[in-house]
Amino acid sequence: MFGKIPTLLPALLLARCVLSATPDEWRGRSIYQVVTDRFALADNSTSQPCDVSARKYCGGTWKGITNHLDYIQNMGFDAVWISPVVENIENETAYGEAYHGYWAQDIYSLNNHFGSKDDLNELVTAMHFRGMYLMLDIVVNHLVSVPKNGSTDIQTLDFSLIQPFSNASDYHPYCEITDYNNQTDVEQCWIGDKKLPLADLNTEDKDIVNTMNEWVKDIVKKYNVDGLRIDTAKHIRKDFWPEFVASAGTFAMGEVLSDNTTYTAAYTEVIGGVLDYPTWFPLTAAFTSPKGNLSALATSAVQARKQYKNGAFLTGAFLENHDQPRFQSITQDQALVKNAMMWPFVHDSIPILYYGQEQGYTGNNDPNNREALWPSNFDTSKPLVNHVKAMNAARKAAIAANSSYTTAPMSFLAQSDNGLVVSKPPLVALLTNVGNSSTAATTWDIPASTFKGSETVVNVLDCKTMTAAPDGSLHVRVQGGMPQLLLPGSVLSKSGNLCTKVAAGGKSGAGFSTQASWSLVWGFLGLGLGKALMHM
Ligand code: ABC
Ligand code: CA
């Protein structure tokens with residue numbers, strides 16, 4: 001394994017120069033989403049309070065992220081999505097300060113609340129050294145200038161404060177989006193409200209388009225970005241995106257906030273990836289209570305798979321993000337929580353975990369869902385941290401064992417009112433929404449030929465083993481409403497990081513992660529070998 005790396009190196013370097021990271025290189029990744037201001041302080045302290053309701057900067061920085069990469073990587077993540085990095089308005093607005101980063105004022109400068117150019121470079125270098133990818137959040141749809149003296153008068157906007165689009169004519173004439181079913185309004189009217197209108201860039205103008213295409217190309221190159229999360233993607237005409245994404249030269253995922261699969265699917269054609277919002281709605285509903293509808297979730301997932309350009313691959317699956325109430329603001333039944341959290345990790349999509357979910361955070365709507373992480377002390381003994389760790393490790397083990405894991409679609413083996421069996425060989429996920437207090441004797445019935453006859457199967461969430469029937473079927477009792485995540489013991493490596501005591505696989509199995517070999521490669525780069533080349 002190690003012997004191969006030096007011969008691979010030139011090819012990898014070349015790939016890195018031409019394209020930051022291809023969509024295919026993202027397939028097997030797992031993303032941790034961070035709001036930079038709320039993740040970690042530069043000085044590593046954890047006692048500084050952060051009052052979310054004040055909507056002000058709380059002090060998180062890029063250095064803070066760099067210093068806590070172990071925390072992220074030890075949970076099994078190999079990519080981090082960070083909130084927007086460009087300079088924002090400094091004003092105190094009706095909605096507080098721009099701590100989230102979505103109110104850009106100068107797209108050519110960095111937001112110095114989060115650190116310096118060197119700090120950002122240091123973060124990216126440290127991530128690459130570990131074999132991790134950086135996904136940058138970017139906004140094209142709007143820039144911001146604040147109405148004067150707390151007024152709601154659009155006429156008072158001073159566009160000259162905005163860089164590089166300093167004229168009123170660089171923006172669509174003001175109108176508020178009142179009808180989200182009117183696509184022209186969605187694209188050409190302004191989001192926000194009169195207290196804080198987000199000036200809608202005239203993305204029909206050729207010069208503006210060219211400037212934005214150049215900007216994205218430069219920022220991706222300058223900071224060695226591996227992928228993009230594109231904000232407000234549905235608010236710009238679809239035919240803007242192909243050239244923009246090509247110019248970026250990297251994998252991109254668009255944010256299309258919609259519960260409509262057909263509507264969202266259209267953006268997979270022009271951007272490549274999207275955040276899978278259409279599946280998020282039924283996902284949340286399915287696990288909110290035992291009354292939730294699991295078959296609606298499965299139906300929606302199948303529909304999405306059929307309509308998205310690459311199936312669900314290259315889309316982002318998530319249970320939480322910075323715009324929606326955290327799942328634990330809806331229910332704190334830990335069985336429901338663990339089931340819901342498992343979905344993104346056993347899906348075809350790239351799983352995304354929003355920081356704080358692993359610590360059991362419960363914030364509801366924006367701004368309450370943007371809690372500081374440092375008061376948690378980055379405690380790695382929390383049950384949900386271990387839950388996430390096991391799910392990431394199981395997914396990596398499955399990817400290592402099956403070369404078509406990230407291209408062969410998931411299937412639903414069995415389904416009942418309160419149970420769902422998801423199969424992605426060699427992984428089988430058992431989900432239920434009966435909840436923690438259920439005493440009903442429920443079973444998941446896994447059909448014949450799912451496993452090898454009489455093989456040992458491990459639930460990696462508690463490392464307990466069971467034996468498949470001679471025909472490869474299995475009947476598993478639900479206990480306390482908890483989900484189960486099954487892998488054949490033969491897929492688990494004795495020297496790996498998952499249920500090693502019951503693992504039956506050898507060294508070359510799932511234990512030696514591709515992450516380790518990537519770390520080695522990026523290690524070389526970090527040490528300077530490829531540095532010059534990388535900036536070509
Ligand atoms: C601030 C305050 C909020 C306040 C708001 C008016 O102003 O913090 O408390 O309510 C950034 C900040 C926010 C800030 C906004 C506006 O800017 O993070 O804190 O809110 O100043 C992206 C980002 C988001 C970011 C922006 C702006 C865009 O992820 O963090 O916000 O750069 C629309 C956009 C979507 C956008 C979202 C916030 O607004 O499409 O890109 N997210 C319907 C529409 C959606 C719409 C949504 C708004 O309403 O279809 O297009 O999203 O709430 C139903 C739901 C509907 C839902 C539909 C699909 O389903 O009930 O709400 O969506 O079931
Ligand atoms: Ca627009």
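This is a predicted model: local features need pLDDT of at least 70, side-chain atom pairs count only at pLDDT 80 or more; totals for chains, interfaces and linings use all residues.

Reply: Residues are numbered from 1 along each chain as its sequence is written, chains are lettered from A and ligands numbered from 1 in the order in which they are written, and side-chain values use heavy atoms, with hydrogens and water left out.

A nonpolar core is a set of buried Ala, Val, Leu, Ile, Met, Phe, Trp, Tyr and Cys residues joined through side-chain atoms within 4.5 Å. Buried means under 20% relative accessible area (1.4 Å probe, protein chains only). The largest such core has 135 residues, and Tyr 32 and Phe 39 touch the most other members. Helix α14 (residues 383-401) gives the most to this core, nine residues; helices are DSSP runs of H or I with at least four residues, strands are E runs of at least two, and both are numbered from the N terminus. At least three core residues come from each of domain 1 (2-402 + 513-534) and domain 2 (411-491), with bounds from an automatic or database domain assignment. Apart from this core lies another of 17 residues, including Trp 81 and Phe 313.

Contact means heavy atoms within 4.5 Å. Leaving out residues up to four places away in sequence, Phe 39 touches Tyr 32, Ile 65, Trp 374 and Phe 378, among others.

Helix α11 (residues 277-287) has nine of its eleven residues buried, so the rest of the structure largely encloses it. Among the buried ones are Trp 280, Leu 283 and Phe 287. Their cover includes helices α10 (261-270) and α12 (294-307) and strand β17 (427-432).

Methods. Buried means under 20% relative accessible area, exposed over 50%, partly exposed in between (1.4 Å probe, protein chains only).
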